[in-house]
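Subject: Handover of a structure

Dear colleague,

Please find below the structure that I am handing over to you, followed by an account of what was found in it. I would be grateful if you could read the two side by side.

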Amino acid sequence: MREQCPRLPSPSHTLSRRDTHHNMRLEIITPDKELYKGDAKLVSVPGVDGSMGFLDNHAPLITVLKAGEVKVTMPDGKVELFPVKGGVVEVMKNTVLVLAE
C-alpha cells in the first residue's frame, strides 16, 4: 500500500513574506544630532558597492556608505529621505543603525 503525502495548503491560502513583513528599528545618527529614531518598513542606503535595501529580519551586516540619501519607508507607507555624506551602516537583530557624516 502506498503512503500518501500530507496535503499542503494551496498557495492562494498562504500569505507571502511580502504580505506579512513587520517593522524594524532604525536609528540615523550624525556627529551633531540624531536624525531619526523609530520604526521603518524598508531602509535603502547608498553603499560604496551600490544601493542596498533592508527589510525586517535581514541578515547581520556592516558596510560603508557613500554620499547619497538614506530612503526610509515608514510604517504608514510614507517615504522620507535623509541626505548623508558617507558613513557606516550596521544591521543586526532587526535593527538598522546608520552612523552618518
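Ser44 counts as buried in this predicted model, because its relative accessibility is 17% and the cut-off for a buried residue is under 20%. Ser44 belongs to strand 3. Apart from its neighbours within four places in sequence, Ser44 is in contact with Met52, Gly53, Glu69, Val70 and Lys71.

Setting aside residues up to four places away in sequence, Val70 touches Ile28, Val43, Ser44, Val45, Pro46, Glu80, Leu81, Phe82, Val84 and Val98. Val70 is also among the residues with the most contacts inside the largest nonpolar core, together with Leu26, Val43, Val96 and Val98. That core has 19 residues. At least two of its residues come from each of strand 1 (24-29), strand 2 (34-40), strand 3 (42-47), strand 6 (68-73), strand 7 (79-84), strand 8 (87-92) and strand 9 (95-100). In soluble globular proteins, nonpolar side chains tend to be buried together.

The chain has 101 residues, of which 29% count as buried. Of the contacts between residues at least 6 apart in sequence, 43% join residues at least 24 apart. The chain exposes about 7,300 Å², and carbon and sulfur atoms supply 54% of that area.

I turn next to the strand pairings.

Which residues of strand 8 lie on its covered face, and which on its uncovered one? The covered face holds Gly87, Val89 and Val91, whereas Val88, Glu90 and Met92 make up the uncovered face. In a regular strand the side chains alternate between the two faces of the sheet.

Val88 also takes part in a nonpolar surface patch of about 270 Å², which it makes with Ile62 and Leu99. Ile62 is found in strand 5 (residues 61-65). Ile62 counts as exposed because its relative accessible area is 61%, and exposed means over 50%.

Two residues deserve a note on their backbone. Most residues other than glycine have a negative phi. Asn57, although not a glycine, has a positive phi of about 60 degrees. Asn57 is found in the loop between strand 4 (50-54) and strand 5 and is exposed, with a relative accessible area of 55%. Lys93 is not a glycine either, and has a positive phi of about 55 degrees. Lys93 lies in the loop between strand 8 and strand 9, and at 74% relative accessibility Lys93 counts as exposed.

Is Thr30 buried or exposed? Thr30 counts as buried, because its relative accessibility is 16%. Thr30 is found in the loop between strand 1 and strand 2 and, leaving aside its neighbours within four places in sequence, is in contact with Leu35 and Ala100. Glu34 is found in strand 2 and is partly exposed, with a relative accessible area of 44%. Again leaving aside neighbours within four places in sequence, Glu34 is in contact with Glu27, Ile28 and Ile29. The C-alpha atoms of Glu34 and Leu99 are separated by 9.5 Å, although the two residues are 65 residues apart along the chain.

Yours sincerely

Technical notes. Residues are numbered from 1 along each chain as its sequence is written. This is a predicted model: local features need pLDDT of at least 70, side-chain atom pairs count only at pLDDT 80 or more; totals for chains, interfaces and linings use all residues. Side-chain values use heavy atoms; hydrogens and water are left out. A nonpolar core is a set of buried Ala, Val, Leu, Ile, Met, Phe, Trp, Tyr and Cys residues joined through side-chain atoms within 4.5 Å. Buried means under 20% relative accessible area, exposed over 50%, partly exposed in between (1.4 Å probe, protein chains only). Helices (H or I, at least four residues) and strands (E, at least two) are DSSP runs, numbered from the N terminus. Contact means heavy atoms within 4.5 Å. Patches are made of residues with over 30% relative accessible area and no salt bridge: like charges are joined within 9 Å, nonpolar side chains (Val, Leu, Ile, Met, Phe, Trp, Tyr) within 5 Å. Accessible areas come from the Shrake-Rupley method with a 1.4 Å probe; for residues, only the protein chains shown count as cover. A salt bridge is a side-chain nitrogen of Lys or Arg within 4 Å of a carboxyl oxygen of Asp or Glu.
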